[in-house]
Amino acid sequence: MEEIKSQYEICEDTSAQVIIGNPDPLSIPNYPHLELIQLDSAGYDQYDVEKLNENKIRLCNASGCFDDVISEYVIGMMIMMYQKLDQYVLQQKQHTWKRMDQVRMISGSTVVVVGLGNIGSALAQRLHHLGAQVIGVRKHPERKVHGVERIVTLQQLDEVLPCADTVILCLPANDETKGCFQHRLFTLMKENAVFVNVGRGSLVSLNDIQSALDAHCIGGAILDVTEIEPLPKEHPLWDYDNVLITPHVAGTFANADSFSQFEEIVLNNLKRYHEGKPLLNERRH
């Protein structure tokens, strides 16, 4: 697997039948014999799945590799913001000994997880074990998730936002979810609520996030993904004291366990491909 680890991102052999990694969608016609693309990401919105299927090219993503690492990222960032640890880091740099007041805990809080796929479900279960009341939002609310006390549809989001201490977006990017979290929804939230986006930047506009913060509709934001990536250096959100920004790193192979899980998917799917069996995480139009 070391060869895959070092070379899977680059494929210059146009006779390839299988590409492991995320090729430029515009380059796909250069591979006339291509039959399978195994992505190294959970997201696949940049690919036209219907067109790929029409050309008899199968597409599989890396769903399941990032559940644990993204869950720990979100919880870590929530604790940092709840306990104001980021402010203590700044104080340390200034050699300032000053206690913060009014910190919060995950235990006893209400968290709304928007999107209960693999990542959202794993996160919801961990939050439940930490003592949070978890409300989930998904397209099919009849599909229950352990640790989630109530599940509603995206159309019912208005009902649950007013009680949320934290709202976490874990939705994928598609035509249905693009711009789904608009300024009106921020106005329904608590003034001290925390907004988290680890889904896709296209779910919510930067202007709506900034407007919500400026109008004190919410108390803070944790953003691993943004509408524009990289976030421009001159963007005002960089300088907000109640915003934590990371460069789309919550779900990456910087964690060895995540890559090991990807390795298992790759090897399993290569075996299934050669044996003519159904593939793991195959996406269809």
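Trainee: Why is Glu275 called partly exposed?

Mentor: In this predicted model, Glu275 has a relative accessible area of 40%; since buried means under 20% and exposed means over 50%, Glu275 falls in between and is therefore partly exposed.

Trainee: What makes Lys271 and Glu275 a salt bridge?

Mentor: The closest N and O atoms of Lys271 and Glu275 are 2.9 Å apart, and the criterion asks for a side-chain nitrogen of Lys or Arg within 4 Å of a carboxyl oxygen of Asp or Glu, so the pair qualifies. Both residues belong to helix α9 (residues 256–275), where they are four residues apart, about one turn of the helix. Lys271, with a relative accessible area of 47%, is partly exposed.

Trainee: How do you know that Arg200 and Asp45 form a salt bridge?

Mentor: Here the closest N and O atoms are 3.6 Å apart, which is again to be set against the limit of 4 Å, and the pair therefore counts as a salt bridge.

Trainee: What does the pair of Arg200 and Asp45 tie together?

Mentor: Arg200 lies in the loop between β8 (194–197) and α8 (206–214), and Asp45 in the loop between β2 (36–38) and α2 (49–54), so the pair joins parts that are 155 residues apart in sequence.

Trainee: Why is Arg200 called partly exposed rather than buried?

Mentor: The relative accessible area of Arg200 is 21%, whereas buried requires a value under 20%, so Arg200 is assigned to the partly exposed class. Asp45, at 41%, is partly exposed as well.

Trainee: Which residue does Glu159 meet in a salt bridge, and how exposed is Glu159?

Mentor: The side chain of Glu159 meets that of Arg150 at 2.9 Å, N to O. Glu159 has a relative accessible area of 48% and Arg150 one of 38%, and because exposed would require over 50%, the two count as partly exposed.

Trainee: How many salt bridges does a search of the whole structure find?

Mentor: The search finds ten, and a network of salt bridges links Arg58, Glu282 and Arg284.

Trainee: How do you know that the radius of gyration agrees with a compact globule?

Mentor: For 285 residues, a compact globule would have a radius of gyration near 19 Å, and the protein chain has 20 Å, so the two agree. Along the principal axes, the C-alpha atoms fill a box of roughly 60 × 45 × 35 Å.

Technical notes. Residues are numbered from 1 along each chain as its sequence is written. This is a predicted model: local features need pLDDT of at least 70, side-chain atom pairs count only at pLDDT 80 or more; totals for chains, interfaces and linings use all residues. Side-chain values use heavy atoms; hydrogens and water are left out. The radius of gyration is taken over C-alpha atoms; the globule rule is 2.2 Å times the number of residues to the power 0.38. Helices (H or I, at least four residues) and strands (E, at least two) are DSSP runs, numbered from the N terminus. Buried means under 20% relative accessible area, exposed over 50%, partly exposed in between (1.4 Å probe, protein chains only).
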